[in-house]
2 protein chains.
Amino acid sequence: MSLQRIVRVSLEHPTSAVCVAGVETLVDIYGSVPEGTEMFEVYGTPDVDVYISPSMERGREPADTRRWHCDAGLEIIVVMNSPSKDLNDGHVQISYYSSRKPLPLAYAVLYLTCVDIALDCDLNCEGRESRSFVDKVGHLGLGPERGVEFGTALGGVKKDEVITAPPGSHNCPFHPLPGPEDSCEAYRHALGQDKMSYEVPRSHGDEERFFVEGLSFPDAGFTGLISFHVTLLDDSNEDFSESPIFTDTVVFRVAPWIMTPSTLPPLEVYVCRVKNNMCFVDAVAELARKAGCKLTICPQAENRNDRWIQDEMELGYVQAPHKTFPVVFDSPRNGELQDFPYKRILGPDFGYVTREPQGSSVCGLDSFGNLEVSPPVVANGREYPLGRILIGGNLPGSSGRRVTQVVRDFLHAQRVQPPVELFVDWLAVGHVDEFLSFVPAPDGKGFRMLLASPGACFKLFQEKRKWGHGRALLFEGLVGNVRVNTISINQVLSNENLINYNKFVQSCIDWNREVLKRELGLTEQDIVDIPQLFKTEKRKAVAFFPDLVNMLVLGKYLGIPKPFGPIINGRCCLEEKVRSLLEPLGLHCTFIDDFTPYHMLHGEVHCGTNVRRQPFPFKWWHMVP
Amino acid sequence: MSLQRIVRVSLEHPTSAVCVAGVETLVDIYGSVPEGTEMFEVYGTPDVDVYISPSMERGREPADTRRWHCDAGLEIIVVMNSPSKDLNDGHVQISYYSSRKPLPLAYAVLYLTCVDIALDCDLNCEGRESRSFVDKVGHLGLGPERGVEFGTALGGVKKDEVITAPPGSHNCPFHPLPGPEDSCEAYRHALGQDKMSYEVPRSHGDEERFFVEGLSFPDAGFTGLISFHVTLLDDSNEDFSESPIFTDTVVFRVAPWIMTPSTLPPLEVYVCRVKNNMCFVDAVAELARKAGCKLTICPQAENRNDRWIQDEMELGYVQAPHKTFPVVFDSPRNGELQDFPYKRILGPDFGYVTREPQGSSVCGLDSFGNLEVSPPVVANGREYPLGRILIGGNLPGSSGRRVTQVVRDFLHAQRVQPPVELFVDWLAVGHVDEFLSFVPAPDGKGFRMLLASPGACFKLFQEKRKWGHGRALLFEGLVGNVRVNTISINQVLSNENLINYNKFVQSCIDWNREVLKRELGLTEQDIVDIPQLFKTEKRKAVAFFPDLVNMLVLGKYLGIPKPFGPIINGRCCLEEKVRSLLEPLGLHCTFIDDFTPYHMLHGEVHCGTNVRRQPFPFKWWHMVP
């Protein structure tokens, strides 16, 4: 609702006023009513609609139907719906009557000039003619925190205007650009840093087009809401300061950076070629081919043997009604792959954002293997149609490792995938992808959460021992010059240290299991326990055999670290178990040997790959944050 | 709801676990079920309640009523309600049965040790025994932004811990202090800046008390929500890192600074004694006496003739369930009164807060005559039970004067009185109290909003002229050596410049009228137009005669600037008009001569006084922000 404007009329002179097409003007007659007046009549020229209303809350009637009592506190509302052709071409006349005289006691005359002014938002970039202009859902008050989210803007779109959030950039993270649509060079910078207002040139009938670009993502201290106002000012009297006639407002919300869970269809797989992973790259390539997605190999010259492409970046996207494109979030971890996101991923249709702590150092948890997102969930009565971000940290209040503040602030500020912080400080590397993964499922909530489970592994091994396979050897299948000692099921089941340590690991994963059940609204039926053992190195946990949940999920095709478990009847009993758990969901399991190039360096298939995925079909601006 | 914990039992060894009194533990038997098992039974010692539940969503039954099918995915839930007397004194036994054999196939045994640990909040400071401890309404996730507001804390209480918001203080604006309640010296600093965790000493049956003090008000970048966690850690195995058993969380919300509208009962009136305002101080003292409130006179030695005590500070309050006290907000305006709030107002039971911009300068709008608050209102379907803050600023997007950013940020961050920004840049001084005021009323919404109205003044003068009083003189009543020329009603009504300028002023006030109607949900019936004229000085507006709405409201007693209007039949027609508008509301009008010491310096009664008022009966923590 626009502000109504008040115009006061008098008996002595006609009053002239400017009104805005479609916007109501209150005509105040009570400041100047002739003595003895009991009734009044109001008439307008055909281009002026005149109504009488007893109050704002109650209904209104066309004014020209009858005579009105003057003492009833009635309000006269006039509105013109199209702009004037000439100055003062709308007329309203109020006639004042006494019951004693047939002719009016006096007249008050109001001349109106109607101008057309509005700030509209072409959400779909289809131009005004297409009627796709969206009415403003609401208007802003003058305060900064009363925004109605209805516009959208992309954040971080241009290569030469990379989002780096320099200090002070939050003062105006938008550059509205007026200019013709088809000529980039003709754009002029109208509003933005140090340009708080722009005088719109007067023209008749034309519309002025502004193009708006978000330059910063929402973050701590910047909600992402930006208000634009157009104000019609009366500067006709040089002796006074300007007075306002009309203000219209639109509010934009900067598009948040959105992560894609592993359950969304894959579009492109990234993997590094390093000196000893030829077979691995081939296996990933084959899986990508099966899944029908593009493969991008980062060559050795660019990665200098840094193979942890999962850790270097997270591939998300931004979305506006007319355009969607991917945006890479470059992690503060800066290994040899450091330049890859900026130099190779960032491009004309691929945005870039990064956050690095000033002064303080980063830790292992700041790698983006520790940054995942769930599929859409409903928890505690709240919908998360874009899922929830999962990051690993310490126990509440403890002094352990956490994701650096600037990254946590950034993730929280996007608001559409509210983060959950899990407990990972018990892990040597400390990434959520070491114990959890999500795979698509045809039933239930549409997915299963896979959790690494020492309990499930001991149970499996106990069953195998009972059936007489106690001497089957873990790591027996490893070939070549991998220097790992085999160990039998019997040996595992009699190793008290290993058993006790895995009980401890289980308690840590169970802690997270309960947090995840609560924060994602999951039940036991949504969870699949994947057999896994861990061992301790310097009082922290690492995978004892290749970490099965650390998998590459490409639709129905899973690239799972080959566990080299005990061979029973010619087949790895761990692979068999995993197949029996996942194949009923329609998933295809491919076990990829990552032992030497990844597992022995404390990573697996997921750590060594990255995936760009299809955006959610759900539009973020439909979400109530 | 607390996190459930999972304990996994086995057939081979009894399992020992720690549980927390009243907190459920899930017993997972499926990792270790003997072959051939079809049914199971569960029994616990009397101190252990054992239930069977088909799923989290559905109901549960006591476990000892019957035998249970083993393949139904049933969950076993155990809970102990009081702490153990001895280690492992709670026993649970699971017996596994096949239908073919009468005796159990095997047993699994769980030993439980129950400890009592909880983080509770004594909202009313009445001690645990009084049963006033409030249950936690909800629990936090591990993420920082999932707070449930249920605790409260005071902000800015101690004189020697003045809230100054030094850079970085937001990292931990709380100091929880453990220690006995009656001995201040024995307090130790447990948590706060650089103290992220505190190890609670082990004790049997005792409770540890922490006292919490808020040191910073909510502000930009600090929501005011603070989470405290207590975590029970298992550090029994030196080879492993600690693992979590239980976490409990409470969330505090720092009490916001709350303003009091002029419709709340007055407690204390402040006025400055300066070299030429003896009669004024006497008049204010008499009004305070009538209203039954305390009078505090700031002596000349302290104010050095700076009389604008309204502008120097705003008197609000903070509130917790057990304690409420006033807090002065010291304005960034720093005149000669600069030290008064800090040196004279701040005290053991009077808090202090200030915000000053770094680097940038302040303007006239940063004086707190430009900071008012409405009575409680409902607008656009939203309740404002503590009213809305009103500050003056420029037109949206224009380059005019606004309240400095740090003050606006602070006001918005309190959240319980969402600010409305009005248009005041047309005024020379630029304060909202130059054109609006609120007075209590016995009907309607319980108040009226008074607006300065040039239109109402012209109407009044036209009526007087019509009745033959056109030669009555404004300013005639001024005595002594005030050098102001008198001016007749006829002269006013024939001064085109004055008329045109006041039409402009009326359009500016009307603009605000419509903003106020919309943002405070007011109708015309809630507004009283008080006759007033303005004149222009350097293209900005100042009051032409003492500004009637700039009044001191002490309950039903109004101290109104004496207008020195035209004397008709021996009485000032402006005073008569104001009385006729306000006395029917049960208000008592006292017209105070502020002409020489205030009006001629562009201020009036309101600018020269300040009032500490009773807090709202409504508690801020019942408000949904």
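Visitor: Before we start, what does buried area mean here?
Guide: It's the accessible area, taken with a 1.4 Å probe, that two parts lose on being put together, summed over both. Keep in mind that this is a predicted model. The two parts here are chain B and chain A, and between them they bury about 6,500 Å².

Visitor: How much of that buried area between chain B and chain A is on carbon and sulfur atoms?
Guide: The contact takes 70 residues from chain A and 70 residues from chain B. Of the area they bury, the share on carbon and sulfur atoms is 55%.

Visitor: Which residue of chain A forms a salt bridge with B:Arg465?
Guide: Chain B and chain A have 4 salt bridges between them. For B:Arg465, the closest N and O atoms are 3.9 Å apart, and the cut-off is within 4 Å. That pair counts, then, and the partner is A:Glu12.

Visitor: Which element gives the largest share of the side of chain B that touches chain A?
Guide: Several elements of chain B give two or more residues to that side, including β1 (5-8), α6 (454-469) and α8 (496-520). The side divides into 27 nonpolar, 19 polar and 24 charged residues. The largest share, 14 residues, comes from α8(B).

Visitor: How are α6(B) and α8(B) oriented to each other?
Guide: Their axes are 8 Å apart, and the helices pack at an angle of about 135°. Among the residues making the contact are B:Phe458 of α6(B) and B:Ile509 of α8(B). By class, that contact has 6 nonpolar, 3 polar and no charged residues. An angle between 115 and 145 degrees falls in the remaining class, so the two helices are oblique.

Note on methods:
Residues numbered from 1 in each chain as written. Chains lettered and ligands numbered in written order. Predicted model: local features only at pLDDT ≥ 70, side-chain atom pairs only at ≥ 80, totals over all residues. Heavy atoms only, no water. Contact = heavy atoms within 4.5 Å. Salt bridge = Lys/Arg side-chain N within 4 Å of Asp/Glu carboxyl O. Helix = DSSP H or I, 4+ residues; strand = E, 2+ residues; numbered from the N terminus. Nonpolar A, V, L, I, M, F, W, Y, C, P; charged D, E, K, R; others polar. Axes fitted to C-alpha atoms, helices over the stretch in contact; angles between N-to-C directions. Parallel < 35°, antiparallel > 145°, perpendicular 65-115°, else oblique.
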